[in-house]
Amino acid sequence: MSGKSRKPADSTVKPSLKPGSQIIVDTLVEMGVDKMFGYLGGVVLPLFDKLYDAPIKVIIPRHEQGGCHMADGYARASGRVGVVVTTSGPGACNLVTGLATAMMDSIPIVALTGQVRTNLIGNDAFQEADTTGITRPVTKYNCIVKDIKDLARTIREAFYIASTGRPGPVLIDIPVDVELTEYKPDDGEKLKLPGYKVRTKGHIGQITAAAKAVNESQKPVLYVGGGVISANASDELRQLAQKANLPVTMTLMGLGSYDQKKPESLDMLGMHGTAYANYAVQECDLLIAIGARFDDRVTGNVKTFAPNAKIIHIDVDPASISKNVHVDIPVVGDAKFILKELIEKIEHRPRKEWLKKIAEWKNKYPLRYDNNSTKIKPQYVIEEIYNQTKGTAIITTGVGQNQMWAAQFYKFSRPRQFISSGGLGTMGYGLPAAIGAQVAKPDQTVIDIDGDHSFNMTMTELATAVEHKLPIKVCIINNGYMGMVRQWQQLFYNRRYSCSRLANPDYATVAKAFGAEGITVDKKTDVPKAVKKMLSVKNKPCVVDFRVEGEENVWPMVPAGKSLSEMDGLQILERLV
Ligand SMILES: Cc1ncc(C[n+]2csc(CCOP(=O)(O)OP(=O)(O)O)c2C)c(N)n1
Ligand SMILES: [Mg+2]
């Protein structure tokens, strides 16, 4: 930690005994933690006192929700477990949105929360909240440690549970008296998780059945989700697709798992996916789902989803199998292991007609926008960012139209490059996630493509980025609206824009007030030089306020509940040729 004069640590502690607060720090170091996020408060002061001397960089957000999203962005960018710590009561409650975001997207986080003294629990003590009760539905696992003997082991278990199987957030609640109790922990103590089983290798009979189905299929499609990224299975996915000659479509969470520059990539499917991906899914005879969960934004009407297809589902979570859509060949286990086995058993097939048909769809319905407009089109801004960064930046997003355009117009080529709140759709995620990603990857360009209203929710975290000299870039696609809400109001509520336009601050001025660089762009011709300037800023964040056309829509669009082939906006795209 910087900017402090160190006072010697308390020397009254007997050498073999350690207070719980020191046990927490030592166990975090043992787990390989060298950076973490957190916020102070009464019941975590013992812990922060020990962090003062620890070999861990602690980044303090301006709101605990931001801290949780930072830990999440850190985890997504690095593949490691993100760690966040908060005080009891209000601090712990502020984590809820961040935990739910990580839970829905299967992101490994360990959250440590302080709690009131054990003997005060249940007394409505000052800053007491039932943290484990409140966070149970938004964590993979949580518990309270009431006995110092369990502390080190429980923290180790938290890291194990968060990062294995289907990853997710784990919360450990620690009363302040446990932090203060002295104890000599047993370093060699084994984890005690009798009920927690992780299936790694898939059932060989199922893998053989899957291989047979792939070999026999005339019109297969790979449908890939974020599970391939968490399983670090992108190399295997590429080998599988190339060996068996399979087209690949990805969910929002799966973007980056397959290089979108490759011809076999059909890009994103679903509500705002490409027409060629959606048509291919609706016409395929075999759908090979890997680490994906048949979310309603992907399937549209489940009853008419992939109507002619046999479905293979490879997933580490048995609870995901046949949850939304009936699966013919389930394979439960780690995608990396399973794909390795599958690659051995599959054969190349030419599939000329199928691939020709897909090429025709791709040719007929590429993603387009009106680039002859004199106004700034959001898609143009994103294309310019893509071109100037040569497709290599890490992109985080807000939620809404900005997120969908980022997914459509930035082409991703590697896993952990696209970081977005998919399952929960959390506005305010983009900026803190960018901070977490930049902390994880200091040498890479990290860009938050954000919405004006998403940015409004957590923009206070600019202070955190300035303090740590993080050169993140924030590109606000400023349409002056809650754009995605406005689009729905336009299409389904007869253009009655009820409450979806609010006053915004001048973002360049806001950025400068925080000590960041701030740029306003209101002319289309100024977009390239603003992007160039933004990319050249070092050692501090740069916010660019792109004043884009207010009523641009995201196309194509499968209206909620419709079947995937019933896309609106295709005629509009065709007219743009
Ligand atoms: C925390 C939160 N509150 C509400 C919503 C519902 N919602 C989804 S998109 C959206 C509008 C987003 O506006 P903006 O950030 O400006 O993005 P745009 O769609 O204009 O690009 C809203 C309100 C949400 N996803 N998250
Ligand atoms: Mg907006």
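Biologist: Where does Y493 lie?

Modeller: Y493 is found in the loop that runs between α21 (483–492) and α22 (507–514). Please note that this is a predicted model.

Biologist: Why is Y493 called exposed?

Modeller: The relative accessible area of Y493 is 55%. The term exposed requires a value over 50%. Therefore Y493 is classed as exposed.

Biologist: What makes L491, F492 and Y493 a nonpolar patch?

Modeller: These three residues form the patch on the surface, and together they have about 290 Å² of accessible area. For such a patch, each residue needs over 30% relative accessible area, and nonpolar side chains are joined within 5 Å. For Y493, the value of 55% can be set against that limit of over 30%.

Biologist: Why is L40 called partly exposed?

Modeller: L40 has a relative accessibility of 38%. Buried means under 20% and exposed means over 50%, so a value in between counts as partly exposed. L40 lies in the loop between β2 (35–38) and α2 (45–51).

Biologist: How do you know that helix α17 is mostly covered?

Modeller: In α17 (residues 401–409), nine of its nine residues are buried. Each of these residues therefore has under 20% relative accessible area. They are Q401, N402, Q403, M404, W405, A406, A407, Q408 and F409.

Biologist: Which residues come nearest to ligand 1?

Modeller: Of the 17 residues around ligand 1, the nearest are Q401, G425, D452, S454 and G483. One of them, Q401, is also among the buried residues of α17.

Biologist: What makes the approach of N479 to ligand 1 a polar contact?

Modeller: A polar side-chain atom of N479 is 2.9 Å from an oxygen atom of the ligand. The cut-off for a pair of N or O atoms is 3.5 Å, so this pair qualifies. The backbone also takes part: a polar backbone atom of Y481 is 3.0 Å from an oxygen atom of ligand 1, and for a backbone N or O atom of M484 the distance is 2.8 Å. Overall, the protein covers 76% of the 590 Å² of accessible area that ligand 1 has on its own.

Biologist: Which elements give two or more residues to the shell around ligand 1?

Modeller: They are α17, α19 (452–458) and α21. The largest share, four residues, comes from α19.

How values were computed. Residues are numbered from 1 along each chain as its sequence is written. Chains are lettered from A and ligands numbered from 1 in the order in which they are written. This is a predicted model: local features need pLDDT of at least 70, side-chain atom pairs count only at pLDDT 80 or more; totals for chains, interfaces and linings use all residues. Side-chain values use heavy atoms; hydrogens and water are left out. Patches are made of residues with over 30% relative accessible area and no salt bridge: like charges are joined within 9 Å, nonpolar side chains (Val, Leu, Ile, Met, Phe, Trp, Tyr) within 5 Å. Accessible areas come from the Shrake-Rupley method with a 1.4 Å probe; for residues, only the protein chains shown count as cover. A salt bridge is a side-chain nitrogen of Lys or Arg within 4 Å of a carboxyl oxygen of Asp or Glu. Buried means under 20% relative accessible area, exposed over 50%, partly exposed in between (1.4 Å probe, protein chains only). A residue is near a molecule or strand if one of its heavy atoms lies within 4 Å of it. A polar contact is a pair of N or O atoms within 3.5 Å; within protein, one must be able to donate a hydrogen and the other to accept it, and residues adjacent in sequence count only if both atoms are side-chain atoms.
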